[in-house]
Amino acid sequence: MLDHLTVVTHPLVQHKLTIMRDKETSTAVFRQLLREISLLLAYEITRELDMTEKTVETPIQTMQAPTLDGKKLALISILRAGNGLLDGILELVPSARVGFVGLYRDEKTLEPVEYYFKVPEDLGDRLVIAVDPMLATGNSSVAALDRLKQAGAKNIRFLCLLAAPEGVKRMAEAHPDVPIVTAAVDEKLNEHGYIVPGLGDAGDRLFGTK
């Protein structure tokens, strides 16, 4: 695997992902599982946060205890499917700021088209975690990270549920400084730009649309 890519092989992650892949899994169950997996993936992607110490009075004595250093996180959802990952991560880091990048994929060119952008002002002072369930062609993800860097983001990580080798390669070429955390790297993309074997369109399955 590439140095900047982390595949989370924890049994709970892999078990939940298998259920999500099943085409018979309902929208409600898919949505709940995505929330649960997002929390587990968030645990991995926040593993190396900067730490400092603070003075704490326990019931027994005073001590210097570890605590997060500086400003906290900014979570950026790549709309619309990225919203399915937000809730679980916010359970882990409820103080995080939240932003949104609205992109849709042109079905003919497979290129991203931006329709919305709203992010916290102080991205340069925060660890920015961009979330999108699928890293397929990588075009939308690269475009979203381009915009985040233009907005001042300097320390970015990317979290997704599934990735294709083509998307991982595209991201590594365009943003080699951005680590990727995912639950699986699948075989390939098909002629329509969907991950194979994948799980279909994450947004449609999350929101019950076609």
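Me: Hi! Which side chain meets that of Arg-80 in a salt bridge?

Reply: The partner is Asp-204, at 2.7 Å from N to O. A salt bridge here is a side-chain nitrogen of Lys or Arg within 4 Å of a carboxyl oxygen of Asp or Glu. Keep in mind that this is a predicted model, where local features need pLDDT of at least 70 and side-chain atom pairs count only at pLDDT 80 or more, while totals for chains, interfaces and linings use all residues. Residues are numbered from 1 along each chain as its sequence is written, and side-chain values use heavy atoms, with hydrogens and water left out.

Me: Got it. Which parts of the chain does the pair link?

Reply: Distant ones: Asp-204 sits in helix 6, Arg-80 in the loop between strand 4 and helix 3, and 124 residues separate the two. Helices (H or I, at least four residues) and strands (E, at least two) are DSSP runs numbered from the N terminus.

Me: Is Asp-204 buried or exposed?

Reply: Asp-204 is buried, because its relative accessible area is 18%. Arg-80 is partly exposed, at 34%. The terms work like this: buried is under 20% relative accessible area, exposed is over 50%, and partly exposed is in between, with a 1.4 Å probe and protein chains only.

Me: And how far is Asp-204 from Thr-27?

Reply: Their C-alpha atoms are separated by 8.8 Å, although the two residues are 177 apart along the chain.

Me: Back to Arg-80. What is the peptide bond from Leu-79 to Arg-80 like?

Reply: That bond is cis, with omega near 0°. There is also a cis bond joining Val-196 and Pro-197, where omega is about 0°. Pro-197 belongs to the loop between strand 14 (195–196) and helix 6.

Me: Good to know before I set up torsions. How many salt bridges does the structure hold?

Reply: Nine. One of them pairs Asp-122 with Arg-126, whose closest N and O atoms are 3.1 Å apart. Arg-126 counts as buried because its relative accessibility is 7%, whereas Asp-122 is partly exposed at 21%.

Me: What does Asp-177 pair with?

Reply: Asp-177 forms a salt bridge with Lys-149, and 2.9 Å separates the closest N and O atoms. Asp-177 lies in the loop between helix 5 (165–174) and strand 11 (180–182) and Lys-149 in helix 4, so the bridge ties together parts 28 residues apart in sequence. Both ends are partly exposed: Asp-177 has 46% relative accessibility, and Lys-149 has 29%.

Me: Which residues do salt bridges that share partners join into one network?

Reply: That network is made of Arg-35, Asp-87 and Glu-91.

Me: Which residues lie nearest the centre of the largest pocket?

Reply: Of the 26 lining residues, Arg-105, Asp-132, Met-134, Ser-140 and Asp-201 lie nearest its centre. The elements giving two or more residues to the lining are strand 4 (73–79), strand 5 (97–105), strand 8 (134–135), helix 4 (139–150) and helix 6 (202–207).

Me: How do the lining residues divide into nonpolar, polar and charged?

Reply: Twelve are nonpolar, eight polar and six charged. Nonpolar covers Ala, Val, Leu, Ile, Met, Phe, Trp, Tyr, Cys and Pro; charged covers Asp, Glu, Lys and Arg; the others, Gly among them, are polar.

Me: Where is Pro-133, by the way?

Reply: Pro-133 is in the loop between strand 7 (127–131) and strand 8. Pro-133 is buried, with 1% relative accessible area.

Me: Last one. What is Val-98's C-alpha distance to Lys-118?

Reply: They are 9.0 Å apart in space and 20 residues apart in sequence. Val-98 is in strand 5 and is partly exposed, at 31% relative accessibility.

Technical notes:
On a 1 Å grid over the protein atoms alone, a cavity is a set of points where a 1.4 Å probe fits but cannot get out, and a pocket is an open set with protein on both sides within 12 Å along at least five of seven lines; lining residues have an atom within 4 Å of a point.
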